[in-house]
Amino acid sequence: MARLLPACLLLAGACAALLRLAALRAPAPPAFLPSAAAGRREALRAAAAAAATLGSQAALADFQGEPVTCMKRYGPAIIKLQSAVDSGDVKAVLAKENKFKMLNTYWRNQPKDFAAQTELSEDLLDAAADGETAKVKTLYAKYMEKSELKSFANLPPARQYHMTNRDASMGLR
């Protein structure tokens, strides 16, 4: 047994040396293989595949529940600002600046609506920073005129019991 290990190591070293020498003598494979010229049929097939891939509607591909999650997370905080806006509490409005920005992403797949809501929220926050309570009230009313916000504000609270999603985890009970 004691003589078997050195013999195996010597044999493995010799095999490695022979493989290394054989690799040095062999010619390197070409970097690019010559291809046959593509015919008309292959060119049309590639063009059709590219048109099918690039011509699809991005908005349908992007929708994976982000708008609904955005509305559920940030909508209630903006809707609850109604009492602060009515009382003229501009500090409470300014405290929700990030909530406004995040709620605006609900309309990111609709460029016109996204631009309009973003502009309204920026004007509202500027007016709140300047202390113009009357302007804050009118801009908040315009912001809340969006049909999605109106319908969301009128929904009853959802039941979270026996729901298996990330919004109904044990940390919320």
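I began with contact range: 62% of the protein's contacts between residues at least 6 apart in sequence join residues at least 24 apart. Contact here means heavy atoms within 4.5 Å.

I noted the ground rules. This is a predicted model, where local features need pLDDT of at least 70, side-chain atom pairs count only at pLDDT 80 or more, and totals for chains, interfaces and linings use all residues. Residues are numbered from 1 along each chain as its sequence is written, and side-chain values use heavy atoms, with hydrogens and water left out.

Next, the fold. I found 10 helices and 0 strands.

Then burial. Of the 173 residues, 21% count as buried, meaning under 20% relative accessible area with a 1.4 Å probe, protein chains only. The accessible surface is about 13,300 Å², and carbon and sulfur atoms hold 62% of that. The areas are Shrake-Rupley values, 1.4 Å probe.

α4 (residues 66-79) packs on α7 (residues 97-104) at about 140°, with the axes 9 Å apart. That angle makes α4 oblique to α7; oblique covers what is left after under 35 degrees (roughly parallel), over 145 (roughly antiparallel) and 65 to 115 (roughly perpendicular). Axes are lines fitted to C-alpha atoms over the stretch in contact, and angles run from 0 to 180 degrees between N-to-C directions.

Which residues meet? From α4, I listed Cys70, Met71, Tyr74, Gly75, Ala77 and Ile78; from α7, Lys99, Phe100, Met102 and Leu103. They divide into 8 nonpolar, 1 polar and 1 charged, with Gly counted as polar, Lys as charged, and Cys and Tyr among the nonpolar.

Conventions: Helix = DSSP H or I, 4+ residues; strand = E, 2+ residues; numbered from the N terminus. Buried < 20%, exposed > 50% of the residue type's maximum accessible area, 1.4 Å probe, protein only.
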